[in-house]
Amino acid sequence: MNTAAPFTHEALFYRDEDTFLSSTAGFVADGVDRGEPVLVAVREASIGRLRERLGDQADQVHFIDMTEAGRNPGRIIPGVLMAFSASTQRRFRVVGEPMWPGRTELEYPACVQHEALINTAFEGRRGVILCPYDAGSLPGHVLEDARRTHPVVIDGERRVASEWYTDPSGLAEIYNVPLPPPPATAEEHTFSVSTLAHTRKLVATFAHWLRREQVEDLVLAVNELVTNSILHASGRGVLRLWREGGTAVCEVSDSGEGLPPSFTGLSGFGIVMVNLLCDLVRTHTSHTGTTVRVYLGR
């Protein structure tokens, strides 16, 4: 593994369990031998097998179930990767699997945007992130997007610079796609600065079937989105509320351009907080405004 660059973001294409284990275990063991802090964020089923392959070295590695910690792709950078890399001044090493068979079409655009954003969020930091992709099970377009979001691709014995790598902002824009329309039964409410307290009550009443802490998280997330709309758009907007099975869905629309997430400053930090609170966050921005849709209870 070449670790000369300040930051490296690599995709690992594997087609069977042995390749996954040998490649990731070798990557992790090399980091342990170098005295680097190592985080492994993969599916829970893979953690036990990796621990077994690593033997005693596993005790020096931090393991996280990515299907839980990374359920919302927008939570991975601020909630997992930034928290880990900020805890050390040394060069860090991460195995992170944000995309796995079973991810839904609704989640997928957020996964690609997450992978693209890694390249800018960690620019200049000292570390390497290796992202495994199950090339035997994932659709071809997923692997194509992996080549676009990772400057380096490892496929079998080949480790090459990706000729398909795309500027992160451009790729994120490609997946700035319209959201599915709300159901006809969705509640619809207008909001402004004078209705903030009422809006919070509306959300709490609507999500009454969720656990108390989930209701509190949802109210906080929607309040942040509504406040952003008031401050950065026309001062008003539309809130829509509906239920998909056991999931509460809240959508905030306004005439603004939206704020990109920020991991180092105050601008856009509210959007980071919303991602940390919710199970999924989807955003679409167009010439007419911005729509942010949050899901909780999935």
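This is a predicted model: local features need pLDDT of at least 70, side-chain atom pairs count only at pLDDT 80 or more; totals for chains, interfaces and linings use all residues.
Contact here means heavy atoms within 4.5 Å. Helix H5 is mostly covered, with 11 of its 14 residues buried. The buried set consists of Tyr108, Pro109, Ala110, Cys111, Val112, His114, Glu115, Ala116, Ile118, Asn119 and Ala121. Their cover includes strands E1 (7-14), E5 (127-134) and E11, together with helices H4 (76-85), H6 (140-149) and H7 (168-174).

Five strands form an open sheet in the order E8-E9-E10-E12-E11, and their pairing is antiparallel. At the edges are strand E8 (187-192) and strand E11 (280-286), each of which pairs on one side only. From one strand to the next, the twist averages 20 degrees.

Within this sheet, strand E10 (residues 247-254) and strand E12 (residues 289-296) run antiparallel and are joined by seven bridges. Asp254 stands opposite Thr290 in E12. Helix H9 (residues 212-232) packs on the sheet, where it touches E8, strand E9 (236-244), E10 and E12. The direction of H9 makes about 10 degrees with that of E10.

Key. Residues are numbered from 1 along each chain as its sequence is written. Side-chain values use heavy atoms; hydrogens and water are left out. Two strands pair if DSSP finds at least two bridges between them. Helices (H or I, at least four residues) and strands (E, at least two) are DSSP runs, numbered from the N terminus. Axes are lines fitted to C-alpha atoms, for helices over the stretch in contact, and angles run from 0 to 180 degrees between N-to-C directions. Buried means under 20% relative accessible area, exposed over 50%, partly exposed in between (1.4 Å probe, protein chains only).
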